[in-house]
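Please walk through this protein with its sequence and its model side by side, moving from the packing of helices to individual side chains and loops.

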Amino acid sequence: AYQDTMDKNFEGKQFTGVIKFTPPLYKQRYEFVQDLVRKYKPKKVADLGCADCTLLWMLKFCSCIEVLAGLDICETVMKEKMHRLTPLPADYLEPSERSLTVTLHQGSVAHKDPCMLGFDLVTCIELIEHLQESELEKFPEVVFGFMAPNMVVISTPNSEFNTLLPGVTVFRHPDHKFEWDRAQFQSWAQDTAKRYEYSVEFTGVGSPPTGMEDVGFCTQIGVFVRKYPQTREPGQREKPTEAAYKTVFKAVYPSLTDEKYLQNAVVSEVMFRAQLIKRSLLDHLLSEHEEYNDDPTERKLKLQCSVNCFSADVETLPVEKSTEPFVSGNVVYIPLRNFFSVPKVKQLCGTFEKFCRLITGKVPLNSDSSALMLDAENEEN
């Protein structure tokens, strides 16, 4: 992508400044996509021509997205930065509530592959101008006919802006096969939209300097929306049996939708709260007695007295119906209902039955599995 600079220096109609976009033009394009994602909340997003995966990396932080896929003809350029799509230690320490899978494929947008079916949004940022004529001819059928997502975003250089870019004589980048003006892009986009039953609206990023608005945006953008999303299954008419793409990367992020991570989160929350309850309960019992010195033996005797006095009152209550913690002997009992009354625990588990199933075998429980047990004397327990 061409990255340029914009300065407001110009005299009359003759523009003499160096173009400087703030933020840089490539970031404006990616932010445009981010804004669309925030607005329409697609769950499955594919980026065609994903190059160094920067847009995918930005989109993985959008909480609505559960599936991200990238496609590029060049495996090497993807591999340079694809490590940024790998889950971080923090992702494992605090798994997200949503599931997220990120996959990168090497292949051409002129070929159909069933791994690209079922997406809500497909982005093609500065892609089409790199396509050979034969590839560009196949591109609409692959993207709009076969993939058939609900929304497609296509950005491409606006050649009318090139007169303001110093040093640009033919195209902005040596690999560009063409660069369209607004009329050419809009004609192609409207024909494509009509053929595949999409509507299309035009906008762009990279505003021209004051006084030169007639050249339009530096990058022109078409946003295509499928008119009849429910009438047909994408690619149903001719689903190929063989994959045309090579998968070069796949990451499945830790998620609370995976019971293994959910169980860890619930057990951690329960043990953390159990320690707080235990400390509060024992402090309360000790405070009911007169002052004592710091002799550990005397402290232990006082605590044992407190424990026995306290437990005598509550042992008659059926544990499973009570949510109040109590002490008996050297053991603190915290009824499981106490934990399930915590909003976070209830949100994680949904039902009390599921909560009991998740913690069974992971935390010490009493004989009828109605209460969690902690050693009253051991602060580390």
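This is a predicted model: local features need pLDDT of at least 70, side-chain atom pairs count only at pLDDT 80 or more; totals for chains, interfaces and linings use all residues.

Two axes count as roughly perpendicular when the angle between them is 65 to 115 degrees. Helix α7 (residues 259-287) packs against helix α11 (residues 352-359) at an angle of about 90°, and the two axes are 9 Å apart. That angle falls within the range for perpendicular axes, and α7 and α11 are therefore roughly perpendicular to each other. On the α7 side the contact is made by Glu259, Leu262, Gln263, Val266, Val267 and Val270, while α11 contributes Lys354, Phe355, Arg357, Leu358 and Ile359. Sorted by class, the contact of α7 with α11 has 7 nonpolar residues, together with 1 polar and 3 charged ones.

These two helices belong to a protein that has 11 helices and 13 strands. Of its 381 residues, 48% count as buried. Among the contacts with a separation of 6 or more, 71% are between residues 24 or more positions apart.

Is Leu256 buried or exposed? Its relative accessibility is 15%, and because residues under 20% are classed as buried, Leu256 counts as buried. The C-alpha atoms of Leu256 and Pro95 are separated by 6.1 Å, although the two residues are 161 residues apart along the chain. Leaving aside residues up to four places away in sequence, Leu256 touches Pro95, Ser96, Glu97, Tyr261, Leu262, Ala265 and Leu348.

A pair of aromatic rings is described by the distance of the centres and the angle of the planes. The structure holds 17 aromatic pairs. In the pair of Tyr92 and Tyr261 the ring centres are 6.4 Å apart and the planes stand at 55°, so this pair is tilted. The pair connects distant parts of the chain, since Tyr92 belongs to helix α4 (residues 89-93) and Tyr261 to helix α7, 169 residues apart. The two partners can also be set side by side by accessibility: Tyr92 is partly exposed, with a relative accessible area of 41%, whereas Tyr261 is buried, with a value of 17%.

Other rings form a cluster, in which ring pairs link Phe139, Phe178, Trp180, Phe185, Trp188 and Phe202. Phe202 is located in strand β8, and its relative accessible area of 27% makes it partly exposed. Beyond residues up to four places away in sequence, Phe202 touches Phe185, Gln186, Ala189, Gln190, Ile221 and Gly222. The C-alpha atoms of Phe202 and Gln220, which are 18 residues apart along the chain, are separated by 7.3 Å.

Aromatic rings also meet charged side chains. The charged end of Lys44 sits over the ring of Phe119, at 5.1 Å from its centre, and Arg337 lies over the face of Phe352, at 3.6 Å from the ring centre.

The peptide bond from Thr22 to Pro23 is cis, with omega near -10°, and Pro23 is found in the loop between β2 (14-15) and α1. Both Thr22 and Pro23 are among the residues touched by Gln28, which also touches Phe21, Val205 and Gly206 when residues up to four places away in sequence are not counted. Gln28 itself is in helix α1 (residues 25-40), and at 16% relative accessibility it counts as buried.

Where does Lys41 lie? Lys41 is in the loop between α1 and β3 (44-48), and its phi is near 50°, a positive value in a residue other than glycine. At 54% relative accessibility, Lys41 counts as exposed. Glu197, in the loop between α6 (182-195) and β8 (198-205), likewise has a positive phi, of about 60°, although it is not a glycine. Glu197 is partly exposed, with a relative accessible area of 37%.

Key:
Residues are numbered from 1 along each chain as its sequence is written. Side-chain values use heavy atoms; hydrogens and water are left out. Helices (H or I, at least four residues) and strands (E, at least two) are DSSP runs, numbered from the N terminus. Buried means under 20% relative accessible area, exposed over 50%, partly exposed in between (1.4 Å probe, protein chains only). Contact means heavy atoms within 4.5 Å. Rings of Phe, Tyr and Trp (its six-membered ring) pair if their centres lie within 6.5 Å; planes under 30 degrees apart count as stacked, over 60 as edge-to-face and the rest as tilted. A charge sits over a ring if NZ of Lys or CZ of Arg is within 6 Å of the ring centre and within 35 degrees of the ring normal. Axes are lines fitted to C-alpha atoms, for helices over the stretch in contact, and angles run from 0 to 180 degrees between N-to-C directions. Angles under 35 degrees count as roughly parallel, over 145 as roughly antiparallel, 65 to 115 as roughly perpendicular and the rest as oblique. Ala, Val, Leu, Ile, Met, Phe, Trp, Tyr, Cys and Pro count as nonpolar, Asp, Glu, Lys and Arg as charged, and the others, Gly among them, as polar.
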